[in-house]
Amino acid sequence: MRSFLEVKPAPVGDPWWLEAVESFRHATPDELPAGYADGYVFETPVIDTSRYLPYLMQVFQQEGGLITRETVTTLGDALTEYPIVINCSGLGARELVGDRDIHAGRGQTIRIKQKGFQRVIVDDEGPNKLAYIVPRTSDIILGGVDEENNENTSIIPEQNSGILQRCANLAPQFANLKPEDILSVQCGLRPLRSRIRLEAERPVPDRLLVHNYGHGGSGVTLSWGCATEVVTLVKQHTA
């Protein structure tokens with residue numbers, strides 16, 4: 001569990017999701033960076049994906065799951081071999097199922113050494129939009145960039161200075177980072193869609209295809225709920 005501070009440029013009411021988190025309250029003035037009038041403070045789980053994803057893969061394999069890497073250009077082969085196929089192809093859904101709604105959102109982050117900083121801080125609508133500080137077990141993620149319809153996966157060095165400055169504006173502890181504090185810079189594409197596609201269809205009577213993609217930058221947050229819905233759909237269509 002981590003303390004989470006979501007800063008706001010103007011006074012705001014309580015959010016609809018406050019019952020889903022622990023110890024919710026509004027930020028006190030001394031907790032707010034310059035330029036902010038309000039904020040939400042609460043306790044919430046923070047996933048360290050560098051550990052969590054290998055763990056999920058390990059559990060999957062221990063339960064008998066098999067992971068095969070190959071290029072897939074059509075779902076036809078999978079549907080021929082398996083009676084139930086779950087399509088979690090993300091941006092690949094453009095080619096696999098002809099979904100023109102799915103599109104990329106480019107992100108870039110900086111990973112720095114852990115310096116004992118433990119609070120998550122996020123600004124996604126204020127003067128430093130987009131900025132976030134996410135402490136993990138052995139490092140801290142600083143972000144970010146959110147560029148819709150940009151599929152450039154190359155690191156843009158000029159964006160690093162902007163990320164560092166915005167994060168320093170949120171927390172002065174990050175104002176004087178040294179080059180040796182930076183562990184790596186990452187760039188990736190988020191699978192954006194106007195809404196998540198989570199539905200079942202039968203391409204042929206004896207085959208079930210369940211689509212589960214388009215989660216944008218919220219894949220980890222939504223993963224368990226969407227997985228539960230996938231199981232529900234499979235049970236409904238195979239009962």
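These exercises work through one predicted model, with a solution after each task.

Residues are numbered from 1 along each chain as its sequence is written, and side-chain values use heavy atoms, without hydrogens and water. Because the model is predicted, local features need pLDDT of at least 70 and side-chain atom pairs count only at pLDDT 80 or more, while totals for chains, interfaces and linings use all residues.

**Exercise 1. T109**

Task: Find the strand that holds T109, decide whether T109 is buried or exposed, and list what T109 touches.

Solution: 
- Step 1. Locate the residue. T109 sits in strand β5, residues 103-113. Strands (E, at least two residues) are DSSP runs, numbered from the N terminus, as are helices (H or I, at least four).
- Step 2. Apply the cut-offs. Buried means under 20% relative accessible area, exposed over 50%, and partly exposed in between (1.4 Å probe, protein chains only). T109 has 14% relative accessibility, so T109 counts as buried.
- Step 3. List the contacts (heavy atoms within 4.5 Å). Leaving out residues up to four places away in sequence, T109 touches Y132, I141, L142, G143, S184, V185 and Q186.

**Exercise 2. Two domains**

Solution: 
- Step 1. Domain 1 covers 2-45 + 103-192, and domain 2 covers 56-102 + 194-237.
- Step 2. Take the distance. The C-alpha centres of the two domains lie 30 Å apart.
- Step 3. Count the residues in contact. Domain 1 gives seven and domain 2 gives nine.
- Step 4. Find the buried area, meaning the accessible area (1.4 Å probe) that two parts lose on being put together, summed over both.
- Step 5. Name the main contributors in domain 1. H103, P191 and L192 lose the most area to domain 2, together 70% of what that side buries.
- Step 6. Look for charge pairs. The rule finds one salt bridge across this interface. A salt bridge is a side-chain nitrogen of Lys or Arg within 4 Å of a carboxyl oxygen of Asp or Glu.
- Step 7. Assign the strands. On the side of domain 1 that touches domain 2, β5 and β10 (182-192) each supply at least two residues. β10 gives the most, with four residues.

**Exercise 3. Salt bridges**

Task: Which residues pair with R25, R111 and K115, and how exposed is each partner?

Solution: 
- Step 1. Side chains of opposite charge can pair when their charged atoms come close. The whole structure holds 15 salt bridges.
- Step 2. Take R25. R25 pairs with E31, with the closest N and O atoms 2.8 Å apart. R25 is partly exposed at 34% relative accessibility, whereas E31 is buried at 18%.
- Step 3. Take R111. Its side chain meets that of D139 at 3.3 Å, N to O. R111 is in strand β5 and D139 in strand β8 (residues 139-143), 28 residues apart. R111 is partly exposed, at 26%, and D139 is buried, at 3%.
- Step 4. Widen the view. D48, R111, R136 and D139 are linked in a network of salt bridges.
- Step 5. Take K115. The side chains of K115 and D181 meet at 3.1 Å, N to O. D181 lies in the loop between α4 (157-170) and β10, K115 in the loop between β5 and β6 (120-123), 66 residues apart. D181 is buried at 8%, and K115 is partly exposed at 45%.

Notes. Domain bounds come from an automatic or database domain assignment.
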